[in-house]
Amino acid sequence: MEKKFLSERDICTKFITPALKSAHWNIQKQIREEVTFTDGRIHVKGNITQRGTKKRADYILYYKPNIPIAIIEAKDNNHSLGDGMQQALEYAQILDLPFIYSSNGDGFLEHDRTIDIGKIEVAFPLDKFPSPKELWNRYKQWKGISEDSEKTVTQEYHYEINGKIPRYYQRIAINRSIEAIVNGQNRILLVMATGTGKTFVAFQIIWRLWKAGIKKRILFLADRNILVDQTRNNDFRPFNDVMHKITGRKVDKSFQVYLALYQAITGEEEWKKIFKKFSRDFFDLIIVDECHRGSAAEDSQWREILEYFSSATQIGMTATPKETKYVSNIHYFGEPVYTYSLKQGIDDGFLAPYKVIRVYLDKDLTGWRPPEGKLDKYGHEIEDRIYNLKDYDRNLVIEPRTELVANRTSEYLKQTGRFSKTIVFCDDVEHAGRMRQALINENADEVSKNQKYIMRITGDDDEGKKELDSFIDPGEKYPVIATTSRLMSTGVDAQTTRLIVLDKTINSMTEFKQIIGRGTRVREDFGKTFFTIIDFKNATRLFYDPEFDGDPVQVYEPKPDDPIVPPDGENEGDDIDIGEDDSGDVIIDIDGQGINIPSDEPPTKPKKYYVNDVLVEIVAERVQYMDKNKGLVSVSLRDYSKQNLLDEFHSLDDFLNIWNKTDQKIAIIAELADKGVFLEELKEQVGKDLDPFDLICHVAFDMPPLTRQERANNVKKRNYFVKYGETARKVLNALLQKYENDGIQSVEEAFSPQKMADFLRIEPFSHIGTPVQIIKDFGGKKQYLNAIRELEQQLYMQDSRIE
């Protein structure tokens with residue numbers, strides 16, 4: 001058979017794989033084909049989610065299972081040798097691979113990322129593909145790996161049957177860290193978004209260095225007890241008998257892997273600094289989890305521990321590296337050896353996207369000024385000034401405002417799912433307690449069934465803290481709603497959190513990212529593919545900060561009488577700005593006058609004023625969709641879809657040309673969905689009985705549409721079925737009816753090699769005959785397929801509108 005007639009898979013099987021085997025690549029251990037390395041971005045429209053296309057490499061070549069070094073993109077022989085190179089280069093950049101190849105079965109084109117002088121790209125015949133040893137030597141030279149350090153670099157991961165295998169970005173983080181260490185780097189920073197498996201990465205780094213024998217005593221430091229316990233009980237479990245958690249300020253030097261809460265080994269008083277009972281060189285590797293929370297500050301207690309064990313290799317891990325005048329991760333640890341951002345995680349489909357519902361309350365926008373001599377509920381005279389968002393729940397409590405927040409949160413849950421795990425972030429512990437009470441009053445029916453339906457989980461509440469593990473456990477029904485201030489803002493692995501409520505003033509990008517990270521886990525087995533944020537204090541303005549790297553898919557701002565659940569409808573309303581000046585004070589705009597509200601108060605006043613007789617109402621609405629390339633766009637779903645369609649098809653002729661050339665129309669529909677155009681959602685607004693062809697022509701190019709019934713009737717009017725026998729006409733008429741009812745996918749299933757037989761076994765075709773009989777009545781399989789394709793062509797004939 002001529003090579004030009006072979007499929008891409010045939011080219012791989014008959015030419016590329018044999019060439020690799022001839023070059024001494026082990027087919028079982030070093031060659032992987034059709035390697036999927038992302039999960040496909042989750043697109044959200046309304047409550048419908050759909051995964052985009054997964055990224056897949058034709059070949060990845062490994063020197064050892066933990067060290068991929070090359071990628072090959074294959075094309076059929078109708079392409080030139082290098083036609084796959086640009087896609088291969090994109091994938092190699094993502095996967096951190098130095099050697100890139102493209103092939104059409106005639107030979108290979110190589111791109112070498114390890115050199116910057118000379119020929120980067122060279123072509124050679126099939127029998128000249130480099131051996132594993134040759135590529136490994138080039139790789140070692142590129143990475144500066146010596147003969148002495150090769151054993152450490154090639155040390156295997158820890159593997160368990162049916163256990164976790166590092167994802168591509170975890171593998172890069174692990175390998176880069178180990179390569180940096182063997183090259184003498186003793187301060188290492190890894191930046192990985194919340195929910196991307198930092199502790200699993202830490203475990204694999206420790207395991208490989210420990211097994212290689214170059215790191216023998218390791219300290220894992222965290223600042224939350226739950227972080228230490230989660231680490232010990234989950235990812236670090238294989239260390240078992242050699243692992244020890246330091247508690248009770250007792251030192252036991254007989255272990256090899258230590259886990260510690262930094263508060264448990266240090267303190268203000270000298271006697272609390274039990275870390276000094278270890279010699280300065282006792283540990284040769286220290287990993288600092290969530291290092292943004294203090295280890296980088298020069299006067300922090302973390303820093304004192306790190307400086308005491310200064311001879312140890314120290315790895316800082318964080319989702320949010322902190323860079324301020326006073327605190328710097330990069331100054332201490334150096335530039336990150338690897339960064340995997342929230343945006344990357346969402347784009348890859350490993351992290352959940354999210355929608356935002358913004359609720360603006362009138363007193364938040366205009367502020368509130370007490371009448372002269374106004375007393376709070378406890379008889380304190382309230383200072384005469386304008387109070388606003390920065391004051392609420394910190395030094396002024398408007399109880400009806402808290403009740404309204406609780407009401408809107410509960411309304412959302414009642415419409416979307418009463419048992420969706422929810423975290424409500426409040427300004428402080430007292431605020432969390434009031435919010436708990438307000439939520440209980442809004443959900444008396446569920447609380448009467450189980451008092452743990454709503455719990456306050458804060459650092460000072462022992463009863464609440466006892467329920468933290470149950471809240472985190474996806475299999476536990478209660479608690480459902482947790483009110484908190486800071487305890488749950490970081491490190492809490494609540495994988496099934498579907499709703500995050502922000503009634504907390506947030507000015508720190510670090511804190512904002514950590515809070516958003518509470519919802520980013522994907523748990524498809526529990527139906528959790530996205531989450532929602534309800535924002536009552538304009539914290540989500542930080543989405544627009546250049547430092548933020550993961551955008552929402554939708555922003556919704558309901559009016560007072562609107563449902564709290566966002567529709568996919570029109571967008572109205574303007575931006576409402578609540579800004580800050582350089583001092584951090586909140587600025588509001590009243591009648592065009594900017595008013596600066598200072599934050600300092602004389603110490604003689606009560607900590608908080610409480611008022612319960614102020615009316616608070618909801619105002620403003622805006623719906624925004626997140627465009628992957630343009631950011632937030634304030635348009636309707638229809639206009640947003642039109643723009644995306646015009647980006648894909650520049651003219652009506654361009655669309656018609658692509659539609660007519662494409663054998664499988666559902667491939668076009670799937671590709672559009674991957675780019676955020678959901679035709680099923682669009683049908684709800686434009687017309688449920690429209691074919692995707694008419695929907696696209698109508699929305700993008702303003703063409704008058706035909707319904708599926710009209711298209712089917714036009715085919716019947718042409719009377720072209722008369723050339724077929726009686727049985728074949730029955731099949732075509734039945735298929736036309738299926739098209740009217742279900743759409744073009746029915747026609748395409750009828751001539752799909754994989755689905756054809758099963759399709760012909762369903763009604764009404766099963767009453768006409770067996771699949772074999774039906775195909776025989778058309779004159780054979782070829783004639784049957786031609787007839788179905790002709791039916792599809794008849795449906796989309798340009799002259800199909802018959803008056």
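View 1. Leaving out residues up to four places away in sequence, Ser641 touches Val677 and Leu682, where contact means heavy atoms within 4.5 Å. The model is predicted, so that local features need pLDDT of at least 70 and side-chain atom pairs count only at pLDDT 80 or more, while totals for chains, interfaces and linings use all residues. Residues are numbered from 1 along each chain as its sequence is written, and side-chain values use heavy atoms, with hydrogens and water left out. Ser641 lies in helix α19 (residues 637-648); helices (H or I, at least four residues) and strands (E, at least two) are DSSP runs, numbered from the N terminus. With a relative accessibility of 1%, Ser641 counts as buried, a term that means under 20% relative accessible area, against over 50% for exposed and the range in between for partly exposed (1.4 Å probe, protein chains only). Although Ser641 and Phe678 stand 37 residues apart along the chain, their C-alpha atoms are separated by 7.9 Å.

**View 2. Strand β5 and its two partners.** Strand β5 (residues 67-74) is mostly covered, with eight of its eight residues buried. On the antiparallel side, strand β4 (residues 56-64) pairs with β5 over five bridges, two strands being counted as paired if DSSP finds at least two bridges between them. Within this pairing Leu61 has Ala70 of β5 as its bridge partner, and β4 and β5 form a hairpin with two residues between them. Strand β6 (residues 99-103) runs parallel to β5 and is joined to β5 by five bridges, with Phe99 of β6 as the bridge partner of Ala70. From β5 the chain passes through helix α2 (residues 85-95) to β6 in a right-handed β-α-β crossover, meaning that, with the strands pointing away from the viewer, the path from the first strand over the helix to the second runs clockwise.

View 3. The strands follow the order β11-β12-β10-β13-β14-β9-β15 with parallel pairing, and the edge strands β11 (243-246) and β15 (338-340) each pair on one side only. Neighbouring strands of this sheet are turned by 15° against each other on average, direction ignored; axes are lines fitted to C-alpha atoms, for helices over the stretch in contact, and angles run from 0 to 180 degrees between N-to-C directions. Strands β10 (residues 218-222) and β12 (residues 257-261) are paired in the parallel sense over five bridges, and Ala222 stands opposite Leu261 in β12. Helix α5 (residues 168-182) packs on the sheet, where it touches β9 (187-192), β14 (313-318) and β15, and its direction makes about 170° with that of β9. Helix α6 (residues 198-212) lies across β9, β10, β13 (285-289) and β14, at about 175° to β13.

**View 4. Nonpolar cores around Ile315 and elsewhere.** The largest nonpolar core has 55 residues, of which Tyr168, Leu190, Phe236, Phe239, Ile315 and Tyr338 touch the most other members; such a core is a set of buried Ala, Val, Leu, Ile, Met, Phe, Trp, Tyr and Cys residues joined through side-chain atoms within 4.5 Å. Apart from neighbours within four places in sequence, Ile315 is in contact with residues including Ile188, Leu190, Leu285, Val288 and Phe333. A second, separate core of 48 residues includes Phe693, Leu695, Val715 and Leu760.
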